[in-house]
Amino acid sequence: MSDSSPARPAAPVLDVWCELQCPDCHTALDDVRALRARYGDRLEVRLRHFPLEKHKYAFAAAQAAEEAVAQGRGWPYAEAVLDRVAELDRKGEPFLVEVARELGLDAEEFDTALIDGRHILIVDSDQAEGKAIGVTGTPTYVIGGERLDGGKSQDGLRERIEEIADRLLAQPRD
C-alpha cells in the first residue's frame with residue numbers, strides 16, 4: 001500500500017540512563033515526568049537501563065521494566081518502581097511482580113520473564129552502549145549528542161534539557 005502523505009519527522013530523542021533501584025533516579029523522576037508532560041510526542045523520552053552493581057535488584061528491575069514494555073506499560077511500571085525504591089530494597093524481586101499485579105499487568109508473565117531471562121540482552125545492550133558513550137552513573141541524560149550527568153545533582157538539568165530540546169525542535173527536520 002502506498003501512502004502519499006508526507007512522512008512525519010522523527011522527534012528528537014532524550015535517552016534517560018536510569019537504574020530502578022537508584023535513589024537519585026527517584027529524585028529525577030519529577031523532572032522526567034515534567035519533560036514528558038511538556039513535550040508530549042514532540043520529544044521521544046526513552047528509558048535506558050544502566051543497572052549498578054551496588055544495587056542488588058537493579059538488574060532484575062531492568063528486566064522487569066522490559067517486560068512491562070512488552071506488555072505496553074513501560075513508563076507507568078518504571079515510575080511505580082522508582083516511586084517506591086525503598087520497598088524494592090526491602091522486598092526484592094517479589095516486589096517487582098507485586099507492582100506488575102497492582103498495575104493490572106500479567107504478573108505471572110513477569111515472574112516467568114525474571115526466571116527465563118528473556119530481556120537480559122536488552123538490558124546488557126543498554127548497559128554496554130551506556131559505557132561506550134561514557135555513562136558511569138545514574139541518572140544520565142543524552143540529548144542532541146550532549147551527555148548530562150544527573151547523579152551528582154539535578155540542579156539546572158531540566159532547564160538545560162529543555163534548552164537543547166527547544167533548539168532541536170526549532171531546527172528543520174528531514
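## Salt bridges around R33

R33 and E79 form a salt bridge, with their closest N and O atoms 3.3 Å apart (a salt bridge being a side-chain nitrogen of Lys or Arg within 4 Å of a carboxyl oxygen of Asp or Glu). Since R33 lies in helix α1 and E79 in helix α3, the pair ties together parts that are 46 residues apart in sequence. Helices here are DSSP runs of H or I with at least four residues, strands are E runs of at least two, and both are numbered from the N terminus.

R33 also pairs with D30, at 3.8 Å between the closest N and O atoms. These two sit three residues apart in α1 (residues 23-39), so about one helical turn separates them. As for cover, E79 is buried at 14% relative accessible area, R33 is partly exposed at 27% and D30 is exposed at 52% (buried means under 20%, exposed over 50%, partly exposed in between, with a 1.4 Å probe and protein chains only).

## About the model

This is a predicted model, in which local features need pLDDT of at least 70 and side-chain atom pairs count only at pLDDT 80 or more, while totals for chains, interfaces and linings use all residues. Residues are numbered from 1 along each chain as its sequence is written, and side-chain values use heavy atoms, leaving out hydrogens and water.

## Other salt bridges

The structure holds 22 salt bridges. Among them, R167 meets E146 with the closest N and O atoms 3.9 Å apart; this pair links helix α8 (residues 157-170) to strand β4 (residues 146-149). Elsewhere, D15, R46, R48, D126 and E129 are joined in a salt-bridge network.
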